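The following exercises concern a single structure, shown below. Each task is followed by a solution in steps.

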Amino acid sequence: MRSYRDLFRTPEFSPFFLAASAQTVARTMGGLALGTLVYRATESPLLSAVSMFGSSLVQVLGATFLLSAADRLPPRAALTALPLCFAAATAALALPGLPVWTLFAIVFAQGLVESVGGGVRWGLLNEILSKDGYLLGRSVFNMMSGVMQIAGYATGGALVALLSPRLSLLAAAALYGTSAVVVRLGLTRRPPRTTGRPSAVATWRANALLWSSPPRRHVYLALWIPNGLVVGCESLYVSYAPDAAGTLFACAALGMLAGDVLVGRLLPARLRPRLGFPLLLLLAVPYVPFLLHPALPLAAAAVTLASVGFGASLVQQERLVALTPDHLTGHALGLHSAGMLTLQGVAAALAGSMAHLTSPAGAMTAMAVGSAGMTLWLKRAEKRAEGAGGGAGKGKGKGGRERGQGKGAGKGGGSRAGEVLNGSGR
């Protein structure tokens, strides 16, 4: 698959893309409206921020207890039911007179459901496009996410200002319902990628299996930690430059778009694996001089350049898919998504705490230094593993054995690994 045009010629990709776009706009509109509603009720910036981003913090619970469902649910049925659940929850948030703790309970429940939804969604994308097209497809989704977030914030802000937060929440609920209809009518019925009943035990065992491979473990850490620490830098734009935060966010979105096009479309496949760690360093290094309070044009240029480094996640995701057995693809990608969002939420809280004790500029520099240091440590750890015989070749061999076990399990084979992956070894 060589071009974005080829993606949209692929059967089912267009409705899948449109449904995800509608959900992104709905999530952004709903988050802004809920944050405004909570702030007006409590006058607490902390509670307002948690209402908008708190669902990310519970993703780790979904990854711990629920993620086995990602490969054990029929994709079309799951992706139809999930936005319907979100529509009902978002409409419930618009009810007048709800206490704040009830709003947070609904938000956290949405986060748990979404932790499964990410695995179902990205596992299905891998089926629609196959592994050779996954990176290009994911780059399109990354670009769509940035554009739709801008559209969602603009539309949601206008609705909140001109009408009310509750009407904006109802509009978001309607978009979720529309997404469910598009999925139901536009996608074909597929069986689950693996058999067995979803359970916490099956989730733990599959997580342990994914984590047991050193190459996959390094990929997960590279996807979660350097990225999360830099998102901590982004969370301080408002306090760093209150009058220019919108400019910095726009520059970050522009840089991320450029990085996705560079990695997903322009770089030859033979060069991509070599650029994963350089791009992670690029993600962090431009933030280090923020301790000197650069002028806005320099700060905007630094943010744009740094955000090109987010293209590293595409390189790492491509490697993760290559190292993962087909019947665990949804679980593996769901674990990546849940871990990434959790680390981003934790990093934002850590950055805010550091900024409270020092300054926004000092906290941004500290988070950037931490991100760069973690990237260098991961590179050294990977080289040590390769030197000890635990490099990519070993990881591929292990992946091959897991594929064989999965096939045996699907045919009723008696291996313990097959029982674990199918959830029948409970």
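**Exercise 1.** Is Gln344 buried or exposed?

*Solution.* The model under study is predicted. Begin with the position of the residue: Gln344 belongs to helix H16, which covers residues 329-357. Next, take its relative accessible area, which is 18%. The cut-off for a buried residue is under 20%. Gln344 is therefore buried. Finally, identify its partners: once neighbours within four places in sequence are set aside, Gln344 contacts Asn227, Gly228 and Val231.

**Exercise 2.** Determine how the axes of H10 and H15 are oriented to each other, and describe the residues that meet.

*Solution.* Two packed helices are described by the angle and the distance between their axes.

1. Helix H10 spans residues 214-234 and helix H15 spans residues 312-323; their axes come within 10 Å.
2. The crossing angle of these two axes is roughly 155°. Angles over 145 degrees count as roughly antiparallel, and H10 and H15 are therefore roughly antiparallel to each other.
3. The handedness of the H10 and H15 crossing is left-handed.
4. On the H10 side, the contact is formed by Pro215, Arg216, Val219, Tyr220, Ala222 and Leu223. Facing them from H15 are Ser313, Gln316, Gln317, Arg319, Leu320 and Leu323.

**Exercise 3.** Carry out the analysis for H13 and H14.

*Solution.* 

1. The axes of H13 (residues 276-284) and H14 (residues 296-308) come within 7 Å.
2. These axes cross at roughly 155°, so H13 and H14 are roughly antiparallel to each other.
3. The crossing of H13 with H14 is left-handed.
4. Leu279, Leu282 and Leu283 of H13 meet Leu305, Ala306 and Val308 of H14.
5. The contact of H13 with H14 consists of 6 nonpolar residues, with no polar and no charged ones.

**Exercise 4.** Characterise the protein chain as a whole: how many helices and strands does it have, and what percentage of its residues is buried?

*Solution.* Start with secondary structure: the chain has 19 helices and 0 strands. Then consider burial: of the 426 residues, 53% are buried. Turn next to the contacts with a separation of 6 or more, of which 84% join residues 24 or more positions apart. Last, the accessible surface of the chain amounts to about 18,100 Å², and carbon and sulfur atoms account for 68% of that area.

How values were computed: Residues are numbered from 1 along each chain as its sequence is written. This is a predicted model: local features need pLDDT of at least 70, side-chain atom pairs count only at pLDDT 80 or more; totals for chains, interfaces and linings use all residues. Side-chain values use heavy atoms; hydrogens and water are left out. Axes are lines fitted to C-alpha atoms, for helices over the stretch in contact, and angles run from 0 to 180 degrees between N-to-C directions. Helices (H or I, at least four residues) and strands (E, at least two) are DSSP runs, numbered from the N terminus. Angles under 35 degrees count as roughly parallel, over 145 as roughly antiparallel, 65 to 115 as roughly perpendicular and the rest as oblique. A crossing is left-handed if the near helix is turned anticlockwise from the far one by less than a right angle, and right-handed if clockwise. Contact means heavy atoms within 4.5 Å. Buried means under 20% relative accessible area, exposed over 50%, partly exposed in between (1.4 Å probe, protein chains only). Accessible areas come from the Shrake-Rupley method with a 1.4 Å probe; for residues, only the protein chains shown count as cover. Ala, Val, Leu, Ile, Met, Phe, Trp, Tyr, Cys and Pro count as nonpolar, Asp, Glu, Lys and Arg as charged, and the others, Gly among them, as polar.
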